[in-house]
Amino acid sequence: MGRSCPQVAEWLFPWRLRHHSRPVTYVPHRPRQEVLLISDDEEVIDEVSMVAQTLGVPVRHQSGSARASPSALEQAGAGLVLVSADVELGMRPPGAVLLTRTAAACAGDAEVIQLTRRERLTEVLAAVAQERPGPIVGVQAAAGGLGATTLAAAMAVAAAPSSLVELDPLGIGFDAMFGTEEEVGLRWPDFAGLDSPVAGARIMGDLVEAGGVRLLGTRCVGDAMPPDWLAQRHVLRAVAARSARTVADLGRAADPRFWPELDAVVLLVARDPIGVLAGARCAARLTTVVRRVGAVAVTRKAHAVPSDEVAAVLEESGARLVGGSESDRAIRSAAEAGAGGDWPIGLRRGPVARLARTCWQWVGAE
């Protein structure tokens with residue numbers, strides 16, 4: 001006798017993560033960021049601590065004689081790592097900013113900040129202290145071809161003025177969808193080599209805009225690879241600090257190290273048995289990091305799993321079913337409708353636009 005979907009889920013996920021109801025209203029908050037200072041130089045420690053205290057940025061000190069963890073920057077609370085020149089080269093974690101009294105210190109590819117240039121130190125620390133006026137909502141697919149990019153774009157259009165950021169390393173950007181191929185503006189390759197926080201005011205005016213949505217992605221064809229995830233995280237935080245609402249297109253291959261930045265995730269799940277179980281597994285991982293995970297069930301086969309069973313399986317992993325699309329063709333056609341216009345009309349009205357509004361109602365940002 002075959003197992004039902006909830007039974008299969010229980011068999012695959014024996015820990016049976018408990019689903020907790022969460023408030024739907026968004027409370028603006030400062031991302032959990034702090035500065036990690038690696039130094040034994042008292043002058044450096046005093047200078048950084050004084051500037052950070054003025055800006056309200058917490059500083060965690062670590063002795064330079066202790067070997068720094070290479071994964072220090074991967075910690076959710078470490079928004080910036082500063083290393084003084086007295087720390088041996090082999091003790092410096094990758095991606096750290098070097099603090100010196102003179103410009104003579106060798107830093108390799110790292111940025112060097114002289115203590116005499118307090119304005120640059122203040123600028124870097126201020127970027128860490130940026131407040132978010134609104135949420136960052138990620139859109140992720142548990143399988144390929146479910147239309148995560150299209151739903152992310154529709155949510156950004158529904159929330160305009162907003163920002164839409166591509167974090168999928170396999171993505172092709174938003175130019176084809178919004179008709180902005182010829183528009184001049186910053187794309188991800190322009191941020192290659194960025195190794196410290198950046199102020200949102202410095203970049204927002206140079207992003208491509210379409211219909212009240214600021215776009216940041218790669219070009220459709222012939223663009224270089226995006227920068228590493230640390231540079232992308234710096235930019236994501238800067239964009240979110242200047243946006244009422246930010247939508248992150250995670251695709252299905254985004255780096256999980258972005259998850260701590262997200263206030264909520266909309267997860268697209270195929271409504272076939274394998275797709276539902278794949279969605280539950282993805283949701284189980286997401287809910288260990290992201291505060292709220294909501295699922296959208298996409299029908300792409302004739303024999304779809306009933307909605308109540310989909311909801312039961314996902315609830316085992318801590319995700320809530322918030323909506324559905326009767327066909328993945330509806331999502332794909334939304335990206336093609338109105339081609340050649342300012343942006344696809346399918347993103348402004350129709351089933352995908354209604355689904356986007358439903359997702360925002362769940363997030364609590366409308």
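**A residue in a strand and its surroundings**

Tutor: D249 is found in strand β10, where strands (E, at least two residues) and helices (H or I, at least four residues) are DSSP runs numbered from the N terminus. What you are looking at is a predicted model, in which local features need pLDDT of at least 70 and side-chain atom pairs count only at pLDDT 80 or more, while totals for chains, interfaces and linings use all residues. Residues are numbered from 1 along each chain as its sequence is written, and side-chain values use heavy atoms, with hydrogens and water left out.

With a relative accessibility of 0%, D249 counts as buried; that word means under 20% relative accessible area, whereas exposed means over 50% and partly exposed lies in between, with a 1.4 Å probe and protein chains only. Leaving aside neighbours within four places in sequence, D249 is in contact, meaning heavy atoms within 4.5 Å, with V139, A148, T149, A152, V165, E166, L167, D168 and F174. The C-alpha atoms of D249 and G173 are separated by 9.6 Å, although the two residues are 76 residues apart along the chain.

From D249 we can turn to other parts of the chain. P161 is found in the loop between α4 (148-158) and β7 (162-166), and a cis peptide bond, with omega about 5°, joins A160 to P161.

Consider next L121, which has its place in helix α3 and counts as buried at 1% relative accessibility. Not counting residues up to four places away in sequence, L121 touches E47, V48, V51, L82, L99 and I113. For L121 and L99, which are 22 residues apart along the chain, the C-alpha atoms are separated by 8.9 Å.

Side chains of opposite charge can pair when their charged atoms come close. A salt bridge here is a side-chain nitrogen of Lys or Arg within 4 Å of a carboxyl oxygen of Asp or Glu, and the side chains of E47 and R118 meet in one, at 2.8 Å from N to O. Because E47 lies in helix α2 and R118 in helix α3 (residues 118-128), this pair ties together parts that are 71 residues apart in sequence. E47 is buried, with a relative accessible area of 15%, whereas R118, at 39% relative accessibility, counts as partly exposed.

R187 forms a salt bridge with D175, and their closest N and O atoms are 3.0 Å apart. This pair links distant parts of the chain, with R187 in the loop between α5 (175-178) and β8 (208-210) and D175 in helix α5, twelve residues apart; both R187 and D175 are buried. R237 forms a salt bridge with E261, the closest N and O atoms being 2.7 Å apart. R237 lies in helix α6 (residues 229-240) and E261 in the loop between β10 (246-251) and β11 (264-270), so the pair ties together parts that are 24 residues apart in sequence. R237 is buried with a relative accessible area of 7%, and E261 is buried as well, with a value of 3%. By the rule given above, the count comes to five salt bridges.

Apart from residues up to four places away in sequence, V57 touches V35, A52, L125, V128 and A129. The C-alpha atoms of V57 and A127 are separated by 10.0 Å, and the two residues are 70 residues apart along the chain.

Finally, the whole protein gives these details their setting. There are ten helices and 13 strands, and buried residues make up 53% of the 366 residues. Among contacts with a separation of 6 or more, residues 24 or more positions apart account for 77%. The accessible surface comes to about 16,200 Å², of which 52% belongs to carbon and sulfur atoms; accessible areas come from the Shrake-Rupley method with a 1.4 Å probe, and for residues only the protein chains shown count as cover.
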